[in-house]
Amino acid sequence: PILASAHENGCICLWSTQGNLVRELLPFSKYPSVPLTALCTDISTKMLLAGSKEGHIMCWSIASFLEDPQNSKNQIKEELCWRAHSNEVVALFHEEEKNVVVTASIDGSVRLWHAMDGYYLGYFGQARKFELSDIRRLILPCDVNNFPTIIKEESKHVEKKKFEYPLMLDRDK
């Protein structure tokens, strides 16, 4: 078994049951690290989901890592990030059979999302029924204006090139 903890610095720590740190995860996104406020997994523990203080949901694939946590080749891959609420996420739930994620915010809204791509399906209390099979139309809640971001593997390994720009006095110029 592995225990997961979410932290103020935006990091997720994975621990052994003996209390040893096994792995540290930092979300890969264009946003700065913000405090994580909610964690959940699906029933089969293939996915790890985290919610943030700024309303983002991040999703990692953890299946290969959990098969053998000591093997450093088994990667944890962040696959998806989306803005679910304009305020802090206080609860997350993944319903594996229907393949949906339920999110709740500090503002009292409870929303439903397609788990594989972060598409918005609706909110609890809406007049129409949830259409779980129709994810072709991209709609967003009124307080969110960013579409989900699918994290590609090659974008994670972008190396920052180090350049040196020494100051040199050129008297001729």
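Reader: Which residues does L92 touch, leaving out those up to four places away in sequence?
Author: L92 touches A38, L39, C40, L49, A50, G51, I57, V101, V102 and T103. Contact here means heavy atoms within 4.5 Å. This is a predicted model, where local features need pLDDT of at least 70, side-chain atom pairs count only at pLDDT 80 or more, and totals for chains, interfaces and linings use all residues. Residues are numbered from 1 along each chain as its sequence is written, and side-chain values use heavy atoms, with hydrogens and water left out.

Reader: How many residues has the largest nonpolar core?
Author: It has 15 residues, and L92 is among those with the most contacts inside it, with L49, I57, W82, V101 and W113. A nonpolar core is a set of buried Ala, Val, Leu, Ile, Met, Phe, Trp, Tyr and Cys residues joined through side-chain atoms within 4.5 Å. Buried means under 20% relative accessible area, exposed over 50%, and partly exposed in between (1.4 Å probe, protein chains only).

Reader: Which strands each supply at least two residues of this core?
Author: β4 (36-41), β5 (47-52), β6 (56-61), β7 (77-83) and β8 (89-95) do. Strands are DSSP runs of E, at least two residues, numbered from the N terminus.

Reader: Which residues does the second core include?
Author: That separate core of 12 residues includes L14, L48, I76 and C81.

Reader: New topic. Where is S105, and is S105 buried or exposed?
Author: S105 is in strand β9 (residues 100-105). S105 is buried, with a relative accessible area of 5%.

Reader: What is S105 in contact with, leaving aside neighbours within four places in sequence?
Author: S105 is in contact with H85, N87, E88, V89 and V90.

Definitions and conventions: Helices (H or I, at least four residues) and strands (E, at least two) are DSSP runs, numbered from the N terminus.
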